[in-house]
Amino acid sequence: MYHDRIHLETLLAKAGCEPDPATGAVVSPPCLSTTFTRAPDGSYPHGYIYSRHDNPTRHQLEDTLARLEGGQACAAFASGMAAATALLQALEPGSHVLIPDDVYYGVRNLLENVFTSQGLHYSTADFTDLEAVQAALRPNTRLIWAETPSNPLLKITDLAGLAHLAREAEARLVVDSTWAPPPIQRPLDLGADLVLHSLTKYLSGHSDVMGGALIAREADDFFARIRMIQQTAGAVLDPFSAWLTLRGLRTLAVRLQRQCENARRLAAFLRDHPRVKRVYYPGLPEHPGHEIARRQMRDFGAMLSFEVDGDAAQALAVAARTRVFLRATSLGGTESLIEHRASIETPPTRTPPNLLRLSIGLEHVDDLLADLSQALED
């Protein structure tokens, strides 16, 4: 249906819009069946056996996500953490995983509290410093886990440089690109082997879906092992969630454009506010990763964090006074969220106690500016 050079915005606008051959419906209906009939000879002429193994709606989403990222294959899971778990399960016991010093706390907890007892080893490094990354590599490093922009300090990693180090070390590079989905960033184009997304966030985009996905640059033996774990362990994305994600993808490009515009305005406002100590946003020229972000991202994203000039209690008080921003965990929906991040992370957290994380939504930017302005008043 699509030629190879079609723009991502066009592919997004038509996600899930393959006409139904039975009815001619423009939007494909979700296939909720859990099982599929055999032919008289015992074969499966339509290619589907059982919904845990494969499902037409999930298959459609996986194919769409693979094309969006420029990969050969995709596996969709019941959550982003289920996708992360399958990836780590695919590693051989004794493997070493290198993660950033600023990373989603759930990934660190998964490695520390689940996989270290199952034979994996991990350590951290400052991924903004490629020399530090190189020094942290070990002979048994099999996976380098990048997250850019990082959560919650929005550090930027040079993905092309990191991919070079991974190839030299004969390790795979996976990039959690949840905060910078296509069309903002495509890590496979920069040399990554795998891309991880929490579908819960921008890709579905309406705070009503839980899901995750791994997209592979090559459908190799390692991805085949991930696929086997997905189908055998059963943490698969259900068909209706897959259908909702396809629906969300159709507005991803326009949502991101508005959200990024709002985030730039808010970052500039907070930078100049007397009650704000520091702003973390790669779109600000003074951000240490600004130039790298300009090279590898089409925009700077719609997530930002800032430190209140005060302690944790004062930061919590600012969040409590917001009226347009909602105090809630998660990100990437149409509504703007504010969160005191350190209070939700499992100790020992590395997040500054006075830091607030913002997910910028689709509201009118003047309303968001006014809300932060009144919340920051003494």
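This is a predicted model: local features need pLDDT of at least 70, side-chain atom pairs count only at pLDDT 80 or more; totals for chains, interfaces and linings use all residues.
How many residues does helix α2 have, and how far does the helix reach from its first C-alpha to its last?

**View 1. Helix α2 from end to end.** Helix α2 spans residues 56–69, which gives it 14 residues. From first C-alpha to last it reaches 20 Å, close to the 20 Å expected at 1.5 Å a residue.

**View 2. The surroundings of α2.** Of the 14 residues in α2, 10 are buried, so the helix is largely enclosed by the rest of the structure. Among the buried ones you will find Leu 61, Leu 65, Ala 66 and Leu 68, along with Arg 58, Glu 62 and Glu 69. The helices that the buried residues pack against are α1 (8–13), α7 (221–233) and α8 (239–249), and the strands are β1 (73–77), β6 (194–198) and β7 (212–216).

View 3. Just after the helix comes Gly 70, with a positive phi of about 75 degrees.

**View 4. The buried residues of α6.** Now take a look at helix α6, residues 159–169, where Leu 159, Gly 161, Leu 162, Ala 163, Leu 165 and Ala 166 are buried. Their packing partners are α5 (130–136), α10 (290–296), β4 (141–147) and β5 (172–176).

View 5. Asp 158 caps the N-terminal end, placing a side-chain oxygen 3.3 Å from the backbone nitrogen of Ala 160. Just after α6, Glu 170 adopts a positive phi of about 55 degrees.

Methods. Residues are numbered from 1 along each chain as its sequence is written. Side-chain values use heavy atoms; hydrogens and water are left out. Buried means under 20% relative accessible area, exposed over 50%, partly exposed in between (1.4 Å probe, protein chains only). Helices (H or I, at least four residues) and strands (E, at least two) are DSSP runs, numbered from the N terminus. Contact means heavy atoms within 4.5 Å. A polar contact is a pair of N or O atoms within 3.5 Å; within protein, one must be able to donate a hydrogen and the other to accept it, and residues adjacent in sequence count only if both atoms are side-chain atoms. The expected span of a helix is 1.5 Å times one less than its number of residues.
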